[in-house]
Amino acid sequence: MKIVRAERIPLNLPFYHHRVARAMHRASTHGERVWVVRLESDNGLVGWGDDLGWDQYWDFGGPPPPRPEVDHLVGRNPAELIHRDALGFAVQVALLDLVARDNGVPVHALLGSQVRDRCPVSWWDIDMPPEDWAAEARQSRRRGYTSFKMKARPWRDIFAQVEAVAAVVPPDYKFDIDFNGFLLNQARSEVFLAELDHYPNVGMYETPFNLNSDLDGARILRERVVKPLIEHFSDPVWAADCCDGFVVLGGVSAMRRDAALAAAGNKSFWLQLVGTGITTAFAIQLGSVLSHAQLPYITCHELWCSDLLTERLALTDGYAAVPDGPGLGVEVDEKAIERWRVDEREPTPKRRYREQKRILRVRWPGSGRKKRVWAFTDEVHYQRAFYAGNLPPFEGGVELEVIEEKRSPAFRKEHARLVAQGR
């Protein structure tokens, strides 16, 4: 079998709801641009892969980066290439899909011995106001989810957020709270996590601070909090035995290696492979052969209006059945791909949004009617100031207000003042 055609297809795939678009556009995270890889072989088979691409941060300004080539795959035997992580995740998945289809077996048969026939998958959202997270939790339950990975940020009241979501979900629905290091150190993390431990729905804590930077502090924190402590896999963290589980991501060979080390230490992990239903189908195939891939996987595919499959991946009680058909075991919706296909130079809605002006204000509770306020024009400035210790950490009652561009002189004056201050 030889590859006769290789395509990398750019899409602007809309988010499924305006509250998601509103939060994703504001935040320092990915947008609507999805890249689909389509590989066609000389025997008429097609393999598919997708990812957010090398240019996901083009949304934040600047010219588009050069497009990575896939033409060099033409004429090659895909079976020779399936373990080459350097080719990129989407290409690797498409190669595996193609080879498995050619052999009439599911992808997992190329990766190891199957240990489970259904895999856990989690809902995911960036930080949002409490009422929006509650609405997302309701939607997740309608789609069969039983866990929710939440992005905790110091400009939100995480306790108010947790309480709002807890009010709309059953006791066995779990929250996995990702701080992305914003708690900064062991002492501060201990204070906040000890309080969160009392909430029955809270399931795990991810990266309260950078565990790699303080392995001894990580061990102390692990001993003093009740809920499991999770960190992105690294050799130092693994060797230090300072957390309860891992986040595993990357190329296929790298993930299998990290998964083997996690299993050797009897540590559970989740696969974090962000993309559409194509990526999610692969995550389920891979997770089905990894003994310790027991924590709910993060793929974020529910963010978009389409998962690019003719039939959505169904979840029952938080688990997705592992497809047993050839390849990824799913049918890609080529009509959806053509519908959302764009020229690669076409800006995403997120980029268009970020080209506009806005003022963001963080308000902390103060005495009487007076509140402390810190204004800025982009989240990156807040993060820089926070990590420098110029702003208070997570506090009860903190709020984020977003003021979109206005033509008023007052808005223009304040915006210009903030820009001049580097905020």
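This is a predicted model: local features need pLDDT of at least 70, side-chain atom pairs count only at pLDDT 80 or more; totals for chains, interfaces and linings use all residues.
Me: OK. Which residue in S9 is the bridge partner of Glu-206?
Reply: Ile-230 is the partner of Glu-206 there.

Me: And how many bridges join S8 to S9?
Reply: Two bridges join them. S8 covers residues 202-206, S9 covers residues 229-232, and the strands run parallel.

Me: What's the strand order in the sheet of seven strands?
Reply: The order is S5-S6-S7-S8-S9-S10-S11, in an open sheet with parallel pairing. At the edges are S5 (123-125) and S11 (268-271), each of which pairs on one side only. On average, neighbouring strands are turned by 25° against each other, direction ignored.

Me: Which strands does helix H4 touch?
Reply: H4, residues 158-166, packs on the sheet and touches S6 (147-151), S7 (174-178) and S8. The direction of H4 makes about 160° with that of S7.

Me: New topic. Which residues have the most contacts inside the largest nonpolar core?
Reply: Those are Ile-177 and Phe-282, in a core of 128 residues. Helix H2 (residues 89-103) gives the largest share of this core, ten residues.

Me: What does Phe-282 touch?
Reply: Leaving out residues up to four places away in sequence, Phe-282 touches Phe-89, Val-93, Leu-96, Val-107, Leu-111, Val-252, Met-255, Leu-273 and Leu-328.

Me: Which residues does the second, separate core include?
Reply: That core has five residues, among them Ile-359, Ala-375, Ile-403 and Leu-418.

Terms used
Residues are numbered from 1 along each chain as its sequence is written. Side-chain values use heavy atoms; hydrogens and water are left out. Two strands pair if DSSP finds at least two bridges between them. Helices (H or I, at least four residues) and strands (E, at least two) are DSSP runs, numbered from the N terminus. Axes are lines fitted to C-alpha atoms, for helices over the stretch in contact, and angles run from 0 to 180 degrees between N-to-C directions. Contact means heavy atoms within 4.5 Å. A nonpolar core is a set of buried Ala, Val, Leu, Ile, Met, Phe, Trp, Tyr and Cys residues joined through side-chain atoms within 4.5 Å. Buried means under 20% relative accessible area, exposed over 50%, partly exposed in between (1.4 Å probe, protein chains only).
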